[in-house]
Amino acid sequence: GFRLQSDQLEAAITPKTKWLMLNSPSNPSGAAYSADEMMPLLNVLKRNPHVWLVSDDIYEHITYDDFKFVTPAQLAPELQSRILLVNGVSKSHAMTGWRIGFGAGPVELIKAMAVMQSQSTSCASSVSQAAAIEALNGDNSLEERRLSFQERRDLVVAGLNEIEGVTCRVPEGAFYTFASCEGLIGKKTPSGKIIESDSDFCRYILEESHVAIVPGSAFGLSPYFRISYAAAKTELVEAISRIQKAASALA
């Protein structure tokens with residue numbers, strides 16, 4: 001389910017390991033960790049006091065069905081001195097272009113981050129800061145947006161799973177599907193080209209259907225492809241229809 005397991009984490013840690021970066025819900029898969037799934041990872045960190053944790057909570061408010069979002073500092077308060085939480089308004093409030101993010105962590109770490117930022121970008125735009133404050137404190141409709149995303153998620157997942165050779169799990173959060181196209185590898189396009197990888201499949205869909213999807217190899221995992229359903233429902237219906245038609249033309 002695209003989730004790091006505790007034994008994998010334990011095996012990967014060396015004396016040189018400094019940080020674990022954890023994104024839940026995640027990009028590109030939309031997978032998220034429940035409390036029961038996250039706790040074994042935190043127990044590994046407890047046994048390795050030289051490893052700090054960056055918890056990317058940017059999709060905190062975009063979860064579906066009965067999934068309950070949790071963050072590491074909430075589950076393991078004893079690790080708070082080694083946890084940096086990062087979040088923002090780009091996803092939850094659709095404010096990507098405003099470029100506002102924020103972090104919470106140990107005082108000395110935050111001070112060091114402020115020193116570095118002051119010498120690189122100085123600070124975030126004051127206009128963006130004011131807009132973010134209004135977004136966070138204002139009367140917003142996050143639940144309405146969440147339900148809209150869930151409806152679009154279900155539409156895309158169902159459409160992809162109708163394609164022979166494609167399988168797509170139901171993501172717990174974010175606004176991406178990460179489907180496998182393994183069943184289409186080795187097939188031939190109408191022009192005679194063999195689909196040898198997820199990149200080939202994505203290129204074929206782009207050229208044949210004029211739909212842009214991202215190969216899993218871009219994220220280090222093949223043969224998958226990512227679709228963002230942060231788009232209008234009508235556009236998604238059309239896109240899925242085009243992908244289905246192109247996939248059915250493979251022999």
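# Briefing: sheet, cores, rings and pockets

Strands 5 and 7 run antiparallel and are joined by five bridges. The model is predicted. Its largest pocket holds about 630 Å³ of space. Its largest nonpolar core has 34 residues. A search of the whole structure finds 10 aromatic pairs.

- Ser180 has Tyr224 of strand 7 as its bridge partner.
- In general, the strands of a sheet pair through backbone hydrogen bonds, either parallel or antiparallel.

**Aromatic pairs**

- Phe178 and Phe219 form an edge-to-face pair, because their ring planes stand at 85 degrees, with the centres 6.1 Å apart; planes over 60 degrees apart count as edge-to-face.
- Phe178 sits in strand 5 (residues 176-180), while Phe219 sits in the loop between strand 6 (214-215) and strand 7 (224-228), so the pair ties together parts 41 residues apart in sequence.
- Phe178 is buried, at 4% relative accessible area.
- Phe219 is partly exposed, at 36%.
- Both rings belong to one aromatic cluster, formed by Phe2, Phe178, Phe219 and Tyr224.
- Tyr224 of that cluster is also the bridge partner of Ser180.

**Nonpolar cores**

- In the largest core, the residues that touch the most other members are Leu160, Phe175, Phe201, Ile205, Ile213, Phe225 and Ile227.
- Helix 6 (142-161), strand 5, helix 7 (198-209), strand 7 and helix 8 (233-248) each give two or more residues to this core.
- Helix 8 supplies the largest share, six residues.
- Another core lies apart from it, with 17 residues, among them Leu20, Leu45, Leu53 and Val70.
- In soluble globular proteins, nonpolar side chains tend to be buried together.

**Largest pocket**

- The space in the largest pocket comes to about 630 Å³.
- The pocket is lined by 22 residues, and those closest to its centre are Ile100, Gly101, Phe102, Gly103 and Gln117.
- At least two lining residues come from each of strand 3 (83-88), strand 4 (101-104), helix 4 (107-118) and helix 5 (126-137).
- By class, the lining has 13 nonpolar, eight polar and one charged residue.

**Second largest pocket**

- The second largest pocket holds about 300 Å³.
- Its lining has 14 residues, with Phe2, Ser26, Asn27, Pro28 and Ser29 closest to the centre.
- Strand 1 (19-23) and strand 2 (52-56) are the elements that give two or more residues to this lining.
- Strand 1 gives the largest share, three residues.
- The lining divides into eight nonpolar, four polar and two charged residues.
- Phe2 lines this pocket and also belongs to the aromatic cluster with Phe178, Phe219 and Tyr224.

**Cavity**

- The count comes to one cavity of 30 Å³ or more.
- The largest cavity holds about 40 Å³ of space.
- Its lining is made up of His61, Ile62, Ser92, Leu142, Arg145, Arg146 and Phe149.
- Three of these lining residues are nonpolar, two are polar and two are charged.

Note on methods
Residues are numbered from 1 along each chain as its sequence is written. This is a predicted model: local features need pLDDT of at least 70, side-chain atom pairs count only at pLDDT 80 or more; totals for chains, interfaces and linings use all residues. Side-chain values use heavy atoms; hydrogens and water are left out. On a 1 Å grid over the protein atoms alone, a cavity is a set of points where a 1.4 Å probe fits but cannot get out, and a pocket is an open set with protein on both sides within 12 Å along at least five of seven lines; lining residues have an atom within 4 Å of a point. Grid points are joined across faces, edges and corners, and a volume is the space filled by probe spheres set on the points. Helices (H or I, at least four residues) and strands (E, at least two) are DSSP runs, numbered from the N terminus. Ala, Val, Leu, Ile, Met, Phe, Trp, Tyr, Cys and Pro count as nonpolar, Asp, Glu, Lys and Arg as charged, and the others, Gly among them, as polar. Rings of Phe, Tyr and Trp (its six-membered ring) pair if their centres lie within 6.5 Å; planes under 30 degrees apart count as stacked, over 60 as edge-to-face and the rest as tilted. Buried means under 20% relative accessible area, exposed over 50%, partly exposed in between (1.4 Å probe, protein chains only). A nonpolar core is a set of buried Ala, Val, Leu, Ile, Met, Phe, Trp, Tyr and Cys residues joined through side-chain atoms within 4.5 Å. Two strands pair if DSSP finds at least two bridges between them.
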